[in-house]
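Have the view open as you read.

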Amino acid sequence: MEQQKIILPNLKCLRCGHNWTPRQEIVGVCPKCKSAYWDKTEAELIKADVKTIKNEQIPQKTPSLEPQGRVKRRKRGKDGK
Ligand SMILES: [Zn+2]
């Protein structure tokens, strides 16, 4: 049997300097600092649209307007895994 070897490059986060080997081809965020712009230098960030950066700063916490209780429960289509 032929062994398929996928060699993934070592990646380095330009934000925090963290080095890691990704397990998937598409790396969304740095596993350490969770920055989506780990592969962007500051210069690139500035060049990029500022609006894009703003998106990252949207807090992911749920707003306090949420009524307590069932909000987080989502019905899963098939037999619940
Ligand atoms: Zn990082």
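1. Let's begin with Lys34, which sits in the loop between β2 (19-20) and α1 (42-47). Strands (E, at least two residues) and helices (H or I, at least four) are DSSP runs, numbered from the N terminus. The phi of Lys34 is near 65°, a positive value in a residue other than glycine. Most residues other than glycine have a negative phi.

2. Before going further, please keep in mind that this is a predicted model, where local features need pLDDT of at least 70, side-chain atom pairs count only at pLDDT 80 or more, and totals for chains, interfaces and linings use all residues. Residues are numbered from 1 along each chain as its sequence is written.

3. A residue is buried with 20 or more other C-beta atoms within 10 Å of its own, exposed with 12 or fewer, and partly exposed in between, with C-beta atoms placed from the backbone.

4. Pro22 also deserves a look: this proline lies in the loop between β2 and α1. With 13 C-beta neighbours inside 10 Å, Pro22 counts as partly exposed.

5. Now for the whole protein. It has two helices and two strands, in the pattern β-β-α-α along the sequence. Of its 81 residues, 5% are buried.

6. Finally, contacts: two residues are in contact if their C-beta atoms, placed from the backbone, lie within 7 Å. Among contacts between residues at least 6 apart in sequence, 14% join residues at least 24 apart.
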